[in-house]
Amino acid sequence: MPSSAPPGLDRRLFLTSLLGVGAAAVGLSGCADSSAATAETAADAPLATKVPRGTSLKIASFQNQQQLQLKLAGLGDLPFKVSSWANIGAGPDVINAFRSGSLDVANNAGIPPIQAHYQGYDAKIVAINITRKPNYLFATKPGSDITSVKEFKGKKLAFSQGQAQGVVLLRALKQAGIAYDDVELVPLTSNQFLTALQSGQVDIAPLGNQQAPAYLQQYGAKGARTITTDVVDLLNLLWAPTSVLADSAKAAAVAAYIPYWAKGAVWQYEHPDIWNEEFYVKTQNLTAAQAKSISDLANKPLFPPRWDEAIKWEQETAELLAEGGFVKKFDVGTLFDRRFEAIAAKAVPAEYRR
């Protein structure tokens, strides 16, 4: 199993560029916090059935999406106080916020919990929404003649190993039979991808479906294009630091939040016209046609009563990263807090259970 960085990319510098010196040092040590064992034991305790009065959570709400979703869906009566809605979305940013104590629960894809584990930070997955259709596509820089993944060979590719975009890229390369040393992986975080494309720093970057219309509107006439694949980032999840889940009051609040999260996702899926107008048009400055092109690609929310498929997919992802030397192989089952396993599924109609 290779353990070296892609050609021209020192592994220590690669991690540092993505995570910061302190986080990289923790990641390379592979050692969890000294209190992890105690927190782990406490997190095994049964969940309280009622949220104690005065309990609060700090919840991630990137671009205000979660707050807006709950408001529009009429789900604003949370049984605990939200002390802050943090405008944080990218996996590396979430991990840093967890570390600093400025965030208690976040919505991410499957790869950030793997990255956190590699850094020695202890956090658990508490809810899962399965995605069946691709949420990402690949965008070319202006003037590029690349039209397929097969043509990525020998090119500079934007890569964030701690985010969903990273695993989508690795899975696409594997599917196309392209080895890591056949491409140049340029370490960036997803909020740098558009600038890197525009400047020609990279030839290709994975973009979310919602980013593509605006990018093509600006650069399509200059030769930029998008490349779709059938590569799916399976997991849309909620996760929280083990230290938060070891606090019985906060764990109860997290459990109480999960049904709101699940019902909010269902409401958004069932009301695309309202969401398009209130979010994409009013807050993201997209046209109604662009907004519809995004919502037409939306995944139907699916909340599995059991997490076996999710764990299998997460294990495959961790092993794919390990093959490239980005993390060390481990049993991903330790990332899932199965006390919360059935909560989301029980909160939604049968057609949204899987």
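This is a predicted model: local features need pLDDT of at least 70, side-chain atom pairs count only at pLDDT 80 or more; totals for chains, interfaces and linings use all residues.

Modeller: Leaving out residues up to four places away in sequence, Lys300 touches Ile130, Tyr269, Glu351 and Tyr352. Lys300 sits in the loop between H13 and helix H14 (308-323).

Biologist: Why is Lys300 called partly exposed?

Modeller: Its relative accessible area is 29%. Buried means under 20% and exposed means over 50%, so Lys300, at 29%, is partly exposed.

Biologist: What makes the pair Lys300 and Glu351 a polar contact?

Modeller: A polar atom of the Lys300 side chain lies 3.3 Å from the backbone oxygen of Glu351, and the cut-off is 3.5 Å. Separately, Lys300 and Arg132 are 168 residues apart in sequence, with their C-alpha atoms 8.0 Å apart.

Biologist: How do you know that Ser61 is buried?

Modeller: Its relative accessibility is 2%, and the limit for buried is under 20%, so Ser61 counts as buried. Ser61 belongs to the loop between strand S1 (56-60) and helix H4 (65-72). Beyond four places in sequence, its contacts include Trp85, Ala86 and Asn87.

Biologist: How do you know that the length of helix H11 (residues 248-270) agrees with its residue count?

Modeller: At 1.5 Å a residue, its 23 residues should span 33 Å, and the end C-alpha atoms are 34 Å apart. H11 is also largely enclosed by the rest of the structure, because 18 of its 23 residues are buried. At the start of H11, a side-chain oxygen of Asp247 comes to within 3.0 Å of the backbone nitrogen of Ala249.

Biologist: Why is helix H9 called oblique to helix H13?

Modeller: The axes of H9 (residues 212-219) and H13 (residues 288-295) come within 9 Å and cross at roughly 135 degrees. Roughly perpendicular ends at 115 and roughly antiparallel needs over 145, so H9 is oblique to H13. Their contact has three nonpolar, three polar and no charged residues.

Terms used:
Residues are numbered from 1 along each chain as its sequence is written. Side-chain values use heavy atoms; hydrogens and water are left out. Helices (H or I, at least four residues) and strands (E, at least two) are DSSP runs, numbered from the N terminus. Buried means under 20% relative accessible area, exposed over 50%, partly exposed in between (1.4 Å probe, protein chains only). Contact means heavy atoms within 4.5 Å. The expected span of a helix is 1.5 Å times one less than its number of residues. A polar contact is a pair of N or O atoms within 3.5 Å; within protein, one must be able to donate a hydrogen and the other to accept it, and residues adjacent in sequence count only if both atoms are side-chain atoms. Axes are lines fitted to C-alpha atoms, for helices over the stretch in contact, and angles run from 0 to 180 degrees between N-to-C directions. Angles under 35 degrees count as roughly parallel, over 145 as roughly antiparallel, 65 to 115 as roughly perpendicular and the rest as oblique. Ala, Val, Leu, Ile, Met, Phe, Trp, Tyr, Cys and Pro count as nonpolar, Asp, Glu, Lys and Arg as charged, and the others, Gly among them, as polar.
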